[in-house]
Number of protein chains: 2
Amino acid sequence: MVKVESFQMDHTKVKAPFVRKCGLFLGKKGDTVSKFDLRFIQPNQGVMETSGIHTMEHLLAGYMREKLEEIIDISPMGCRTGFYMVAWGDLTEDAVTDALEYALKMVIGTEEIPAANELQCGNYRDHSLELAKVYAREVLDKGLRSGFYV
Amino acid sequence: MVKVESFQMDHTKVKAPFVRKCGLFLGKKGDTVSKFDLRFIQPNQGVMETSGIHTMEHLLAGYMREKLEEIIDISPMGCRTGFYMVAWGDLTEDAVTDALEYALKMVIGTEEIPAANELQCGNYRDHSLELAKVYAREVLDKGLRSGFYV
Ligand SMILES: [Zn+2]
Ligand SMILES: [Zn+2]
């Protein structure tokens, strides 16, 4: 494995929300994998509640893949201000932003949380569709294309 | 992208802690990427506190890579019962278990949380090295090789 790039970010010099390519990895046989920071909340100024970020995880898993079938994983950050996404290929921030905007609009129209049951989820009691919708609306209202990072 | 396998798991029929290969992905040029479920807590019977799982995320990022340089990402699950790990290659559960045991032993001996500051972290106030050590000890005491899943 050759790690081609991994971009460090100064968390005090960003303006959320934003979509940021944070890594590009090259496999031995020539495949690439890219990693994105999907940042919902301003670092160190807020967090998503565990119920809301958990529901958002369930929803993004499906909705993001409707637009980007190359996705390998989308998981919440430990800091609860966003998600990391890993996908095949050298994807652009524009393509990922398009997919995230689509997914967040879908979240707002969702009526049932997928896989929020004892068989398919590790903590089926800790969910909030209401909060997930609040977070989706906040990101869409602020706009993913007006955010910045250095 | 061709998704070769993605193994569904019945969360009521597992016994944590365990390391489980949950996906194997094949790139267009022949590289593979594997995905692992590093399960610390019995699903729907407990969670890691946000401070402890966040600190564990910071620590695993470094310690796991000391053994597995193929790692692309390790992120907490939204359910807070474990982590997902994504890495180059068709890694075995044994190799990942070895790396996780190493990492958890290192956690117990850690005296300072790496990157737990405003510049490098999205929520530098929400950390607990003490709790991370408790979780590491619990997993090591129960043993990763006595867990099971179907
Ligand atoms: Zn879940
Ligand atoms: Zn952090």
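**Close-up 1. A:His54 in helix α1.** A:His54 is located in helix α1 of chain A; helices (H or I, at least four residues) and strands (E, at least two) are DSSP runs numbered from the N terminus. The model is predicted: local features need pLDDT of at least 70 and side-chain atom pairs count only at pLDDT 80 or more, whereas totals for chains, interfaces and linings use all residues. Residues are numbered from 1 along each chain as its sequence is written, chains are lettered from A and ligands numbered from 1 in the order in which they are written, and side-chain values use heavy atoms, with hydrogens and water left out. With a relative accessibility of 1%, A:His54 counts as buried (buried means under 20% relative accessible area, exposed over 50%, partly exposed in between; 1.4 Å probe, protein chains only). Neighbours within four places in sequence aside, A:His54 is in contact (heavy atoms within 4.5 Å) with residues including A:Asp126, B:Gly78 and B:Cys79.

**Close-up 2. The zinc ion (ligand 1) and its protein donors.** A:His54 (NE2), A:His58 (NE2) and A:Cys121 (SG) lie 2.1 to 2.4 Å from the zinc ion. Donors are N, O and S atoms within 2.8 Å of the metal (3.2 Å for Na, K and Ca); water is not among the atoms, so sites may look incomplete. The donor spacing in sequence is H-x3-H-x62-C. A:His54 and A:His58 are four residues apart in helix α1 (residues 50-67), about one turn of the helix. An unreviewed UniProt entry lists A:His54, A:His58 and A:Cys121 under "binding site". These residues span 68 residues in sequence, yet no two of their C-alpha atoms are more than 10.1 Å apart, so they gather at one spot. UniProt positions follow the numbering used here, feature names are shortened, and annotations may be inferred rather than shown by experiment.

**Close-up 3. Surroundings of A:His58.** A:His58 is buried, at 14% relative accessibility. Residues up to four places away in sequence not counted, A:His58 touches A:Ile113, A:Pro114, A:Ala115, A:Ala116, A:Cys121 and A:His127.

**Close-up 4. Backbone geometry in loops.** Most residues other than glycine have a negative phi, and most peptide bonds are trans. A cis peptide bond, with omega about 0°, links A:Ala16 to A:Pro17, and A:Pro17 sits in the loop between β1 (2-6) and β2 (18-26) of chain A. A:Asn44, in the loop between β3 (32-39) and α1, has a positive phi near 60° and is buried at 11% relative accessible area.
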